[in-house]
Amino acid sequence: MSARSPSSAYTQRFGAVLAYIDAHLDGDLSVSALSQVASFSPFHFHRQFGAFVGVPVSRY
């Protein structure tokens, strides 16, 4: 069994977050809620979302 690279793990986590956003446009899309979907702390999620997606989570 091989370990996944950090980039593939982040791709999977942020893919889940983007799918969650699309499915819950009328729901709670706070950094706190989205960081739980990604299994990151809110601070780490906020920084990594911008780096991964290219825009801050508030703009997305």
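This is a predicted model: local features need pLDDT of at least 70, side-chain atom pairs count only at pLDDT 80 or more; totals for chains, interfaces and linings use all residues.
In the UniProt record, an unreviewed entry, the feature "domain: HTH araC/xylS-type" is placed at residues 15–60. Helix α2 spans residues 31–38; its buried residues include A33, L34, S35 and A38. The residue that follows α2 is S39, which has a positive phi, near 60 degrees.

Eight aromatic pairs are present in the structure. In one of them, the ring centres of Y10 and F14 lie 6.2 Å apart with an angle of 65 degrees between the planes, so the pair is edge-to-face. Both residues belong to helix α1 (residues 6–23), where Y10 and F14 are four residues apart, about one turn of the helix. Y10 has a relative accessibility of 23% and therefore counts as partly exposed, since the cut-off for buried is under 20%. F14, by contrast, is buried, with a relative accessible area of 0%.

F14 also forms an edge-to-face aromatic pair with F49, with 6.0 Å from centre to centre and 65 degrees between the planes. This pair links distant parts of the chain, as F14 lies in helix α1 and F49 in helix α3 (residues 42–53), 35 residues apart. F49 has a relative accessibility of 0% and so counts as buried. Y10, F14 and F49 are among the members of one aromatic cluster, which also contains F40, F45, F52 and Y60.

Key. Residues are numbered from 1 along each chain as its sequence is written. Side-chain values use heavy atoms; hydrogens and water are left out. UniProt positions are given in the numbering used here, feature names are shortened, and annotations may be inferred rather than shown by experiment. Buried means under 20% relative accessible area, exposed over 50%, partly exposed in between (1.4 Å probe, protein chains only). Helices (H or I, at least four residues) and strands (E, at least two) are DSSP runs, numbered from the N terminus. Rings of Phe, Tyr and Trp (its six-membered ring) pair if their centres lie within 6.5 Å; planes under 30 degrees apart count as stacked, over 60 as edge-to-face and the rest as tilted.
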